[in-house]
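The sequence and the structure are shown first, and the description follows.

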Amino acid sequence: MSLLQLDRQEFLDEFWDYRPGEHLLIVEPTGGGKTHLMYQLLGEAMRQQPHLNVVSLMPKAADPSTVEWAAALGLRETPSWPPRRKLLSQPPAGWVLWPPHRMDLPPEQRRELVGQVLRKGVDGQYVKGSSITCVDDAHSAATMMGLNPYVEELLVNGRANGAGGWLALQKPSGSVVSGGVTSFAYSSATHIFLGRDNEERNIRRFGEIGGIDPKEVASIVRGLRLYQIGQHTVSEKLYLDLRGPYKALIGP
Ligand SMILES: Nc1ncnc2c1ncn2[C@@H]1O[C@H](COP(=O)(O)OP(=O)(O)OP(=O)(O)O)[C@@H](O)[C@H]1O
Ligand SMILES: [Mg+2]
């Protein structure tokens with residue numbers, strides 16, 4: 001069966017259509033271009049739905065892609081939630097919630113402090129509604145930082161008041177120590193983007209996506225093309241729009 005093939009800009013300009021309350025999932029191994037894609041989609045969604053409250057959560061200690069994209073989209077970094085906005089004359093287009101990682105503390109305490117802040121951010125967005133909450137590196141946020149119940153709440157009940165959860169996952173099969181991300185990440189997403197993956201345990205989770213044939217999806221994902229862009233190897237993505245369902249291949 002032939003699949004519609006689009007380049008990235010063509011997809012963003014002509015096909016990407018985001019409605020409030022829809023959830024989104026991006027899955028691929030590390031370095032494949034998840035953060036880059038998530039912010040491209042976010043920029044376009046912010047143009048389509050300018051009234052939505054945008055917060056992007058960052059559980060990592062450092063991430064160059066996030067810094068670049070926050071600046072490009074006019075998102076302001078805040079280390080805590082709610083943000084202190086008294087000094088701002090003009091409200092920003094949205095926020096990147098990026099708690100500091102206290103390197104002087106042992107890992108469990110450090111994660112707990114980061115988790116406390118991120119949980120406030122997710123819950124604030126859920127309660128407020130008319131929002132997009134991006135959870136980058138959602139595996140570590142959900143499991144190591146204790147966000148799983150908060151992300152579940154957003155994914156299960158957010159749609160009704162226009163609160164969309166966007167998750168980027170690099171390790172869907174989870175870790176032995178802290179388990180995996182909630183299965184609602186898969187079952188409640190309207191928009192799913194999958195990068196090239198050959199890890200059997202990751203591929204098995206495609207069975208949690210509703211309304212598609214997981215075997216067909218797995219076989220497409222194993223064969224996605226890889227592009228060398230400068231120093232980086234960026235994967236072609238399989239896009240699943242569960243409203244159809246429709247699918248397409250999207251270039252870098
Ligand atoms: N479509 C693209 N065109 C050009 N450069 C890209 C593209 N996608 C990703 N890159 C570049 O590749 C690098 C890795 O991308 P990105 O940070 O988005 O990957 P990631 O999957 O989020 O990685 P990680 O798993 O470490 O979070 C970045 O420098 C980014 O700018
Ligand atoms: Mg990333």
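## A hairpin of two strands

Strand 9 (residues 226–229) and strand 10 pair in the antiparallel sense, with four bridges between them. Within this pairing, L226 stands opposite S235 of strand 10. The two strands form a hairpin with two residues between them. In the turn, G230 has a positive phi of about 60 degrees. The description rests on a predicted model, in which local features need pLDDT of at least 70.

Strands of a sheet pair through backbone hydrogen bonds, either parallel or antiparallel. In this model, 10 strands form an open sheet with mixed pairing, and their order is 1-12-11-8-2-7-6-3-5-4. The edges are taken by strand 1 (4–6) and strand 4 (75–78); each has a single partner strand, so one side of each is left without a neighbour in the sheet. From one strand to the next, the twist averages 20 degrees.

Strand 2 (residues 24–27) and strand 8 (residues 191–195) run in the parallel sense and share four bridges. L25 has I192 of strand 8 as its bridge partner.

How many of the 15 residues of helix 2 are buried? The number is 12, so the helix is largely enclosed by the rest of the structure. The buried residues are K34, T35, L37, M38, Y39, Q40, L41, L42, G43, E44, A45 and M46.

## The largest pocket

Rolling a probe the size of a water molecule over the atoms shows where empty space is left. The largest pocket holds about 530 Å³ of space. Its lining comprises 22 residues, and G31, G33, H36, S65 and H232 are those that lie nearest the centre. Helix 2, helix 3 (64–73) and strand 10 (232–235) are the elements that give two or more residues to this lining.

Sorted by class, the lining of the largest pocket has 10 polar, seven charged and five nonpolar residues.

## The second largest pocket

In the second largest pocket there is about 190 Å³ of space. The lining is made up of 14 residues, with N53, V54, R85, W95 and K128 nearest the centre. At least two residues of the lining come from each of strand 3 (53–57), strand 5 (94–97) and helix 4 (107–128). Strand 3 supplies the largest share, three residues.

By class, nine residues of this lining are nonpolar, three are polar and two are charged.

## Backbone features in the loops

Most residues other than glycine have a negative phi, and most peptide bonds are trans. Another runs from G244 to P245, with omega near 0 degrees; P245 belongs to the loop between strand 11 (237–241) and strand 12 (246–250).

Positive phi values also occur in residues other than glycine. S130 has a phi near 45 degrees and is found in the loop between helix 4 and strand 6 (131–135). Its relative accessibility is 31%, so S130 counts as partly exposed. D137, which is not a glycine, has a phi of about 55 degrees and lies in the loop between strand 6 and helix 5 (138–144). With a relative accessibility of 10%, under the 20% limit for a buried residue, D137 counts as buried.

## A residue of helix 9

V221 is part of helix 9 (residues 214–222). Is V221 buried or exposed? The relative accessibility of V221 is 0%, so this residue counts as buried. V221 and P50 are 171 residues apart along the chain, and a distance of 33 Å separates their C-alpha atoms.

How values were computed
Residues numbered from 1 in each chain as written. Chains lettered and ligands numbered in written order. Predicted model: local features only at pLDDT ≥ 70, side-chain atom pairs only at ≥ 80, totals over all residues. Heavy atoms only, no water. Buried < 20%, exposed > 50% of the residue type's maximum accessible area, 1.4 Å probe, protein only. 1 Å grid on protein atoms, 1.4 Å probe; cavity = no way out; pocket = protein on both sides within 12 Å on 5 of 7 lines; lining within 4 Å. Points joined across faces, edges and corners; volume = space filled by probe spheres on them. Nonpolar A, V, L, I, M, F, W, Y, C, P; charged D, E, K, R; others polar. Pairing = 2+ DSSP bridges. Axes fitted to C-alpha atoms, helices over the stretch in contact; angles between N-to-C directions.
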